[in-house]
Structure formats: C-alpha cells, structure tokens
Amino acid sequence: MGHARGARKFGAASTIGQALHTLAEVTGGPAALPLYAEAVAHLEQSPAAYEPARAQVGHGAALSRDGRLREAAAYRLYQGLEGAVHCGAEAPAARARAELAAAGMRPLPLRYALPDTLTDRERRTAELSAQGHPVTVVAKELRLTEQGVRHLLRKAGTDAAGLAGFLESHP
C-alpha cells in the first residue's frame, strides 16, 4: 500500500494507476475490485494505451471471478481487448479473449481499425509530445483541450518516449 500512497502524493495519474494496478494484482479477490477500478480511472487519463488496456483486462478478470460476468464483459474486458489490439499489446489481448471465452462470451468486432496513417493534427500532436512538450503546451499550441491531446495520442498507443519510433513507422 506504501507505493500507492507515494504515487498519490506524487500526483502523476499514470504512476498512481500503475501502483494501484500492481496493488490490485497482488491483493486479489474481492478486495482488489476497488483498486482495479481506481487504477483504470487514473490510467485512462494517460496518453499511453498499453497500461489502461492491461488494467481494464485485469479488472474485468477480477469482476468475472467475482461472478459479475456481464459487468466484466461490458465495462472492462471488451474495452481492454479493444485497447490492447489497438496498441499491439498481445498479452493483454490474449488474456481478454481467454477471460471472455471462459465466461462463454465471444469478442465483439473492434470499433476501429488499427492505425496505419495519421491525420495532420495527430502527427503534429505526436511530434510536439515526442519533443518533450507537456500536454498543456501541446493543447495550447494546437488549440485543443488537454483531453483532446490525450485522445489523439492514444492512436499511437504509447507515451512520449515511444512516439519517435511510431512517427518513423507511420509516414
């Protein structure tokens, strides 16, 4: 619990979310459910897609084990599967599929295709973020909300450190 407390004090949403996700994994059982929910809430504020997908799948698996199959599928496993596929995260996607299969449910078709090109606005958002500019600066420069910047960055499925490689592979 000390790591989660320290992360809350530090205040970075992704750090808090990762600490809470780890704590939920270690805690297990029904006591982990609120930890997963809080982890997902924090991680959804991050531009990265991998960690939110992983936490959503973990939360869905815990809800499923708690007998809350409909909630697990509707609110976490499908979201986590879609996010994992979108960012190319094989392990969380496989776990989501396995959990859905174990619950007797089929994965639904994804709502969007994997990205192969970027719009001009998405590219500029990624470039500024890759250069190390904080979300607030990028939002002001592009006349977007901070949430809008995070949404555009999710298409890349990574954080600022991984954007350079993403930009190179998506001309």
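1. In this predicted model, the buried residues of helix H6 are Pro92, Ala93, Ala96, Glu99 and Leu100. Because these residues cover an arc of only 130° around the axis, they lie on the same side of H6. Their cover includes helix H4 and helix H5 (69–87).

2. The other side of H6 carries Glu90, Ala91, Ala101 and Ala102, which are exposed.

3. As to its geometry, H6 spans residues 90–102, 13 residues in number. From first C-alpha to last, the helix reaches 18 Å, close to the 18 Å expected at 1.5 Å a residue. Just after H6, Gly104 adopts a positive phi of about 80°.

4. Helix H4, which is among the elements covering the buried residues of H6, comprises residues 50–65 and contains Glu51. Is Glu51 buried or exposed? Glu51 has a relative accessible area of 17% and is therefore buried, the cut-off for that class being under 20%. Once neighbours within four places in sequence are set aside, Glu51 is in contact with Gln18, His21 and Leu43.

5. Regarding confidence, the average pLDDT of the protein is 78, and 76% of the residues score at least 70. Over residues 110–115, however, the pLDDT is below 50. Beyond near neighbours in sequence, that stretch has twelve contacts in the model.

Methods
Residues numbered from 1 in each chain as written. Predicted model: local features only at pLDDT ≥ 70, side-chain atom pairs only at ≥ 80, totals over all residues. Heavy atoms only, no water. Helix = DSSP H or I, 4+ residues; strand = E, 2+ residues; numbered from the N terminus. Buried < 20%, exposed > 50% of the residue type's maximum accessible area, 1.4 Å probe, protein only. Contact = heavy atoms within 4.5 Å. pLDDT = per-residue confidence, 0-100. Expected span 1.5 Å × (residues − 1). Arc of directions from axis to C-beta.
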